[in-house]
Amino acid sequence: MLNYKFIILTLVCFFTYGVADSVADDAPWVGQSLKGAPCRGNPTAYGPFDYLLRSQYKYELHLVESTHFLPEIENLIKGHSGPLQQEFDYTIRAWPNHHRALNSITRFKLLYPKKSRKLQSPVECYFQRAINFSPKDATTRMLYGIYLHKIKHYKMANSQYKDAVKLSPNNPIIRYNYGLLLINLKQYDLAQEQAIIAYNAGFPLNGLKNKLKRVNHWPPKVKPVAPTSNTVKELN
């Protein structure tokens with residue numbers, strides 16, 4: 001049986017190991033929470049470093065992850081030097097667009113929505129800070145889109161997915177997840193386009209395909225084609 005979690009992690013690493021211009025001098029807190037309050041958080045104690053440049057900063061990444069982002073932290077089991085919220089906060093302040101850490105805080109928030117296990121800053125504030133810090137990072141925008149989708153902020157999620165597609169039009173993971181959102185928006189033709197691109201690139205999961213079958217939009221009537229500039233333009 002295929003290990004889909006391993007496959008997805010491998011695909012993420014392959015398609016998102018992008019190139020950034022440089023390490024920024026600062027990563028300020030920007031934007032607003034979903035409740036309209038200004039985003040605030042702790043100051044950066046170490047870094048900040050761009051996760052897209054992690055191959056150039058292996059020591060700095062290891063220094064943070066070996067204490068504040070161990071497997072038991074990433075998997076929401078327990079903290080190492082403090083509570084999970086503190087570990088996530090330190091990791092993301094040092095590496096604002098750390099994809100796996102951003103994914104972990106999303107899972108944490110969805111698992112523990114009550115204030116009794118509150119994150120040190122709102123999830124959406126971590127994401128806005130990350131996007132401002134590394135605006136060419138398509139994966140961060142996709143992860144933010146997934147979070148917004150799960151909490152039913154569909155319009156905001158749609159905006160993040162559009163930006164992610166512009167930055168990485170050939171990424172099947174982005175196309176697949178965007179297709180799932182478009183199903184909820186009842187934009188079935190556009191969802192089918194995302195599915196064609198994702199599956200033509202070898203994406204392994206059948207969830208999007210099955211949802212399209214239920215609304216009579218799969219299999220497609222046209223032969224799958226690779227994404228073109230026109231496909232991206234239609235998303236604008």
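I note that the model is predicted, with local features needing pLDDT of at least 70, side-chain atom pairs counting only at pLDDT 80 or more, and totals for chains, interfaces and linings using all residues. Numbering runs from 1 along each chain as its sequence is written, and side-chain values use heavy atoms, with hydrogens and water left out.

Why do I call helix α4 largely enclosed by the rest of the structure? Because 9 of the 11 residues of α4 (residues 84–94) are buried.

Next I took the whole chain. I find 12 helices and 0 strands, where helices are DSSP runs of H or I with at least four residues and strands are E runs of at least two, numbered from the N terminus. Of the 236 residues in the protein chain, 46% are buried. I also checked contacts (heavy atoms within 4.5 Å). Among those between residues at least 6 apart in sequence, 64% join residues at least 24 apart.

Last, I looked at M156 in helix α8 (residues 154–167). M156 counts as partly exposed because its relative accessibility is 35%, the class between 20% and 50%. Leaving out residues up to four places away in sequence, M156 touches L34, Y144 and L148. I read 9.2 Å between the C-alpha atoms of M156 and Y144, which are 12 residues apart along the chain.

Conventions:
Buried means under 20% relative accessible area, exposed over 50%, partly exposed in between (1.4 Å probe, protein chains only).
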